[in-house]
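Trainee: I am new to this structure. Could we go through it together?
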Amino acid sequence: AVNAQQLDMLLSSVLLQLTLILLAARLCGALARRLGQARAVGEIIAGLLLGPSLLGKLAPASFDLVFRSTPSMPMTVISQLGLILLMFQVGMEFDFAHLKERRNRRAVIAISLAGMLVPFALGLGFGVVSAPQLASGIGLTGYALFMGTAWSITALPILGRIMIEFGLTRTQIGAVTIAAAALTDALGWILLAAIASGVAAQFAPRGVALQLGFLLLFAALCWWLVRPALRVLIAKMGRPGDPLPADLLGILLACVFTSAMLTSRLGIFAIFGGFLIGVLLHDRPELVAAWRARVGPLVTVFFLPIFFTYTGLRTDIGQLTGAADWAWCLLLIALAMFAKFGACYLAARLTGSNPGEARVIGIMMNTRALMELIVINLGYDLGVLPRAVFTMLVLMAVVSTLLTAPALRRWLPRIGHRLSTATAEA
């Protein structure tokens with residue numbers, strides 16, 4: 001049992017961590033914006049600077065005192081709550097009416113499949129070739145399969161946030177891309193669960209099929225039962241001038257957390273539960289605007305920096321030693337980015353997008369960021385990714401995300417998308 005003194009020490013430690021993380025995130029986020037990056041990129045960099053990559057090297061005693069002297073569970077829970085709320089907001093922000101067009105449905109399916117299968121195949125091959133040098137003593141099958149999975153992931157949460165900043169949420173290209181990213185990640189998590197169970201010698205095709213079936217059943221129940229019930233509650237509880245009263249906000253939060261809990265129990269990450277509830281409400285513009293005004297700033301300023309920054313605290317980019325390690329790292333980054341961008345570009349062109357639109361879709365689907373970190377952390381915990389390869393994949397996730405905002409700023413005006421003054425000048 002935790003006594004009052006232990007609780008007070010834990011609280012003081014968490015408050016100190018929160019203070020440092022929020023200040024560093026705001027500072028690095030503002031600097032990132034000035035350098036033409038999305039704020040979330042700065043928040044990831046803040047985590048790397050506060051973590052073992054810099055602070056842990058320059059002042060190891062201070063680093064251990066602040067971040068290692070108390071359990072990490074409280075901060076981990078807070079960061080996960082922030083991610084769930086972000087995905088709920090992302091789901092509400094997007095206009096999926098564009099997907100009613102047959103061309104757009106075809107594009108979503110083609111882009112998502114190409115953006116998953118081609119990188120997976122190339123990553124699998126890279127794993128087989130690199131195993132003798134980078135993963136000696138580790139089972140080849142598990143290592144190669146996890147490498148392929150890591151290459152196929154798109155970072156849905158940070159992609160959603162970048163698209164919000166660039167005003168793409170209500171556009172055709174935004175709806176197609178976010179839907180393709182969501183489908184890619186949903187398939188990726190199912191594949192990840194199958195590979196993880198296979199690594200643990202518990203793989204069963206029937207179990208994977210049941211998992212997918214339960215997920216589809218849950219989505220159908222949400223659409224046909226939860227969505228009508230929420231519409232009735234919104235109509236009854238909403239008032240003119242106040243479409244999101246406190247009682248309704250409480251009910252929505254309860255729905256989001258319940259959905260996240262259920263998708264987590266189904267073996268798919270909790271963020272998809274939050275995203276699903278948001279999608280159910282995307283056609284309620286007054287409610288969306290009220291959420292954005294009332295709750296959005298808390299999610300953006302408090303929860304998200306904690307998630308992005310605290311995740312960066314768990315990575316150490318100082319693990320690579322020697323020219324050979326860096327050569328493998330550069331090859332990994334180049335091939336992984338080429339596979340995702342090239343496959344999505346070609347799929348978009350084949351389904352009717354012009355070259356400019358296809359480039360934009362390709363670079364957005366190439367955003368890896370922290371969903372990548374979730375995958376590779378699991379691989380590392382299971383013992384199929386050595387520490388050096390783990391670090392290479394972290395660098396690949398950061399580099400691919402760093403390129404997204406500058407490319408969008410350069411390419412979006414060429415397809416007729418007008419950037420806001422703040423975005424254009426960032």
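Trainee: How many residues does the largest nonpolar core have, and which have the most contacts inside it?
Mentor: This is a predicted model, in which local features need pLDDT of at least 70, side-chain atom pairs count only at pLDDT 80 or more, and totals for chains, interfaces and linings use all residues. Residues are numbered from 1 along each chain as its sequence is written, and side-chain values use heavy atoms, without hydrogens and water. The largest nonpolar core has 127 residues, and Ile111, Trp151 and Leu393 have the most contacts inside it. Such a core is a set of buried (under 20% relative accessible area, 1.4 Å probe, protein chains only) Ala, Val, Leu, Ile, Met, Phe, Trp, Tyr and Cys residues joined through side-chain atoms within 4.5 Å.

Trainee: What does Ile111 touch?
Mentor: Leaving out residues up to four places away in sequence, Ile111 touches Val176, Ala180, Cys344, Ala347, Ala348, Ile361 and Met365. Contact here means heavy atoms within 4.5 Å.

Trainee: Changing topic, how many disulfides does the count come to?
Mentor: The count comes to zero, a disulfide being a pair of cysteine sulfur atoms within 2.5 Å. For Cys255, the nearest cysteine sulfur belongs to Cys222 and is 9.1 Å away.

Trainee: Is Cys28 buried or exposed?
Mentor: Cys28 counts as buried because its relative accessibility is 16%.

Trainee: And where do α18 and α19 meet?
Mentor: Ser400, Thr401 and Leu402 in α18 meet Thr404, Ala405 and Pro406 in α19. By class, this contact has three nonpolar, three polar and no charged residues.

Conventions:
Helices (H or I, at least four residues) and strands (E, at least two) are DSSP runs, numbered from the N terminus. Ala, Val, Leu, Ile, Met, Phe, Trp, Tyr, Cys and Pro count as nonpolar, Asp, Glu, Lys and Arg as charged, and the others, Gly among them, as polar. Buried means under 20% relative accessible area, exposed over 50%, partly exposed in between (1.4 Å probe, protein chains only).
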